[in-house]
Amino acid sequence: MSKPRRGRDQRIRDNKVQLLRRRVSKADSLGRKVSPTVEAYERVSKKSSKKLAQTLIARHTLRMDAIRLTGEHQQVAILSALAPVTILDKALLHSGASTRRPPAAYVGGWADHLAWGVDSAVSAVRLLLCGQVVGAAALVRNQLERWTFHRATNAGLEQQPGESTAEYVARVWTAEDHFHPEWFSTEGLSDPLAEPEGEVREPSIDHKHVVISNGSEICPALLYELLSEVMHGRALLEAVSWDSNGMLQSEEWPDGMSVAVGVIVDAITLCLRELRAAVASLAERTGRDAAVEALRRSLDTFSEASRESESHEEAPNVQPAAPQVATPPLLTLMPLLPNEGLNPEVRQSVARLGAVYSAVMSGQRPAGRLFRDDELTTYAFAWHRARSIRAANAALDTEKRILGDQFNIDSLTGRATRWVLLTESVSLLGRWHQRPEASAAATLIGTALRSAYWLWLEDDDRAMSVLRCVLEQASRLRTWRIKPAKAAVLESRVETTPRDWLEAAGWKRLAALNRALGELAHTKSTSRWTGARELLAKFQMDVEDDKAIYTARGASIDFVAQLVAQELCAEMEEISPTISEKLCEVFLHVDLEPRQQAQTVEEQLDHIWNHRGVDLGISDFVKLPELWPQSTATSSALQPS
């Protein structure tokens, strides 16, 4: 008698699920049709806060769909930065690099640390493929610092008192290069970097450009300056707004986006050249002459001959088959959330793609032929992403074991909804704001906060580097609202720092937070990442000491998001009181509560201020002979730092 009832109950549940899916689909379809104007969003807001939330979520799903609309030639231009990765991966595995190391982890032996550099390049390319220029710039500047430091140590160079960072970078990269017979040029840069936006210029000192395998030349110092300017919201604003607004309206890149992609791709190329030198040193010490030669012959970008190949045999037992259009599928780009990148079907699909690459590295031909450069790099990209997925799952298991009953996997989905609503609404503010500087600040927040959350999901410390960009721009936005005259002065000064914006915004008490995030934004010889993470843990209130370190970075993002929500509602009040009122109601439902939590924010500010004198300890990026052994005498220019 009970079986028919169970069957009937199951049918009722199935019908409810189908009805819910139809409602969600209908809301998404309607939301996508809402024009990104103040008038259109006012009409939606007048209906209900629920309709406003649905429209913002629909805007996000439209964004994810738009990622795949970028032209193949544009995607390949980005992916080409990873051309040397296939050679590097094989050489590093033979040198003892662990495939079980979480891709975001920089610790371990020297081979593992070099592999972290390769993983970082893949991570930056992934963000760039998704249009997240600020996040990609933060990762790449981080790596450019790290491998410039490596190069400087091997050349015996140090930054001199009074020497600007740009001059130092130029001097370091003027040292000998090992990958091109005509490795330098004193000519000016060719397009697209000939006329960068803003006041960024090459340093005036005599220096040389690096010529890469396709004959184009790169000025490392100019790249470093441009990356920093992008992160501070002072250059290539058209590219920054591409993720926040542009990619939802057009499939074609604006000129600024092309320049930004060129800057980031060239910076990745420089880092991978230095990594090839370091990995060649490892191979040389163990007598693997063939590997050394392969690393030295490896191209910086895809070869034209490989791109023109017409062989498209399918790989057996692989879904999808060997791609005729060699660009990473969307499932390799998704944020690592339970219902997206960590979905079991997605995990299995990415793992299958990665298995093709593993087979190739072991000497097999899973497609029965040789792959083109771009095809194999696409599989390599999937192999690296599969490792990120595996590491994210392992991190969740660890967190569940540590937090016990406090662990809640559904909280990730709730957080995702929160950042979707916040990033989409602040991007609209950037579109609507009449003051160019405030518009730029809001636009940068929209894309950078998204990148910060995506990197946090991968247990990557560099999420805090991007978060520092968000905090600076939130301060800048607030200063223009409450102290426009002071803001104008700060904008006119080239030496203005994030700390200046914080103090002008009335957030001087966040100096310690800015300090911690600043440490994690750089990989210089003095950078203290461990101490910075421990300081972030201290900023949390009402959290057990032994668990605080595991929630520190997520809590920091949530707190800065709270500040952004608070400022967003105030800014939106001046544009549309109707939208502002409903937006505050939306935030209330996802625990952002910009108006009700003002006192809590004040308490948090005081708590952070009380930790301003904490010592961050020793540097994480210093020479460790027991981990990073010296190269042989014949390769002294390649030895690790």
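Visitor: Where is leucine 236 found?
Guide: This is a predicted model. In it, leucine 236 sits in the loop between helix 9 and helix 10 (237-244).

Visitor: Is leucine 236 buried or exposed?
Guide: Its relative accessibility is 2%, so leucine 236 counts as buried, the limit being under 20%.

Visitor: What about its phi?
Guide: Phi of leucine 236 is near 50°, a positive value in a residue other than glycine. Most residues other than glycine have a negative phi.

Visitor: Where is aspartate 459, which also isn't a glycine and has a positive phi?
Guide: Aspartate 459 lies in the loop between helix 17 and helix 18. Its phi is about 60°.

Visitor: Is valine 230 buried or exposed?
Guide: Valine 230 counts as buried, at 4% relative accessibility.

Visitor: How far is valine 230 from glycine 135?
Guide: Their C-alpha atoms are separated by 9.9 Å, while along the chain the two are 95 residues apart.

Visitor: Now helix 7. What span should it have?
Guide: Helix 7 covers residues 133-155, and its 23 residues at 1.5 Å a residue should span 33 Å. The end C-alpha atoms are 32 Å apart, which agrees.

Visitor: Which residues of helix 5 are buried?
Guide: Helix 5 runs over residues 85-94, and the buried ones are Val85, Thr86, Leu88, Asp89, Ala91 and Leu92.

Visitor: What covers them?
Guide: The cover includes helix 6 (110-129), helix 11 (255-285), helix 12 (289-297), helix 14 (344-361) and helix 15 (373-403). Helix 5 is followed by glycine 96, whose phi is positive, near 105°.

Visitor: How many aromatic pairs are there in the whole structure?
Guide: A search finds 12. One of them is tyrosine 106 with tryptophan 116, a tilted pair at 5.8 Å centre to centre and 55° between the planes.

Visitor: Which parts does that pair tie together?
Guide: Tyrosine 106 is in the loop between helix 5 and helix 6, and tryptophan 116 is in helix 6, so the pair ties together parts that are 10 residues apart in sequence. Tyrosine 106 counts as buried at 9% relative accessibility, and tryptophan 116 counts as buried at 0%.

Visitor: Which residues form a cluster with them?
Guide: Tyr106 and Trp116 form one aromatic cluster with Trp529 and Phe621.

Visitor: Change of topic: how many cavities of 30 Å³ or more?
Guide: There are 7 in the whole structure. The largest cavity holds about 130 Å³ of space. It is lined by 13 residues, and those closest to its centre are Pro103, Ala104, Ser123, Ser388 and Glu458.

Visitor: How does its lining divide?
Guide: The lining of the largest cavity has 4 nonpolar, 4 polar and 5 charged residues. Helix 6 and helix 15 each supply at least two residues.

Visitor: And how much space lies in the second largest cavity?
Guide: About 90 Å³. Its lining takes two or more residues from helix 5, helix 6 and helix 15. Nearest its centre are Asp89, Leu93, Ala115, Trp383 and Arg387. Asp89 is also among the buried residues of helix 5.

Visitor: Last one: what volume does the second largest pocket have?
Guide: About 910 Å³. Of its 36 lining residues, Glu229, His232, Arg234, Val494 and Thr496 are the closest to the centre.

Visitor: Which helices supply at least two residues of that pocket's lining?
Guide: Helix 9 (220-231), helix 17 (436-457), helix 18 (463-482), helix 19 (484-492) and helix 20 (498-504) each do. The pocket lining divides into 11 nonpolar, 10 polar and 15 charged residues.

Technical notes
Residues are numbered from 1 along each chain as its sequence is written. This is a predicted model: local features need pLDDT of at least 70, side-chain atom pairs count only at pLDDT 80 or more; totals for chains, interfaces and linings use all residues. Side-chain values use heavy atoms; hydrogens and water are left out. On a 1 Å grid over the protein atoms alone, a cavity is a set of points where a 1.4 Å probe fits but cannot get out, and a pocket is an open set with protein on both sides within 12 Å along at least five of seven lines; lining residues have an atom within 4 Å of a point. Grid points are joined across faces, edges and corners, and a volume is the space filled by probe spheres set on the points. Helices (H or I, at least four residues) and strands (E, at least two) are DSSP runs, numbered from the N terminus. Ala, Val, Leu, Ile, Met, Phe, Trp, Tyr, Cys and Pro count as nonpolar, Asp, Glu, Lys and Arg as charged, and the others, Gly among them, as polar. The expected span of a helix is 1.5 Å times one less than its number of residues. Buried means under 20% relative accessible area, exposed over 50%, partly exposed in between (1.4 Å probe, protein chains only). Contact means heavy atoms within 4.5 Å. Rings of Phe, Tyr and Trp (its six-membered ring) pair if their centres lie within 6.5 Å; planes under 30 degrees apart count as stacked, over 60 as edge-to-face and the rest as tilted.
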